[in-house]
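These notebook entries record a search for charged side-chain contacts. I set out the terms as I go.

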Amino acid sequence: MDNGAIDDVDRAILYALQGDARNTSSGDIAERTGTSDSTVRKRIQRLESDGVIKGYSASVDYQRSGYPLRMLLYCTASIPERGDLIPDILDIDGVVSVQELVTGEQNLLVTVVGESDDDITPVAQSLLDMGVTVADEVLVRTHETTPFGEFDSERNGEE
């Protein structure tokens, strides 16, 4: 891809895969985009190799799977080290995501799931041991996502 530029077909592919990658075939996407099945497959391969599509994962309802606590930990780490700490933070049991924040005093957002407070406390201790300060904790009731609307040509009036 040229400097990360994507076209309308790429956007339609991304929108469809974000909505339901498991049950959306390249044929379904081809029909929607007016292209061939092989074109869609080649585009998906290119989007994957260029790192636009980073992977595929299941959307897990942690509460229904026996882990009712979802906690957001707003943390502060040394600015030169924060990016390098992310893989180590992701290795902590219970951590399901880490986001690097670029504004505000807190510069990492760590999402942790667990059965009880006893599962969350060791995560905070592990972060402290790494030199990361937990500045705030937020308990999350629900978490929903949707595909990015700018990838949806129908929503944006394109056909």
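I began with the term itself: a salt bridge is a side-chain nitrogen of Lys or Arg within 4 Å of a carboxyl oxygen of Asp or Glu. I noted that this is a predicted model, in which local features need pLDDT of at least 70, side-chain atom pairs count only at pLDDT 80 or more, and totals for chains, interfaces and linings use all residues. Residues are numbered from 1 along each chain as its sequence is written, and side-chain values use heavy atoms, with hydrogens and water left out.

Entry one. I counted the salt bridges and found eight.

Entry two. I looked up aspartate 10, whose side chain meets that of arginine 46 in a salt bridge (3.2 Å, N to O). Aspartate 10 lies in helix H1 and arginine 46 in helix H3, so the pair ties together parts that are 36 residues apart in sequence. Helices here are DSSP runs of H or I with at least four residues, numbered from the N terminus.

I then checked accessibility, where buried means under 20% relative accessible area, exposed over 50%, and partly exposed in between (1.4 Å probe, protein chains only). Aspartate 10 is buried at 1%, arginine 43 is buried at 16%, and arginine 46 is partly exposed at 30%.

Definitions and conventions. Helices (H or I, at least four residues) and strands (E, at least two) are DSSP runs, numbered from the N terminus.
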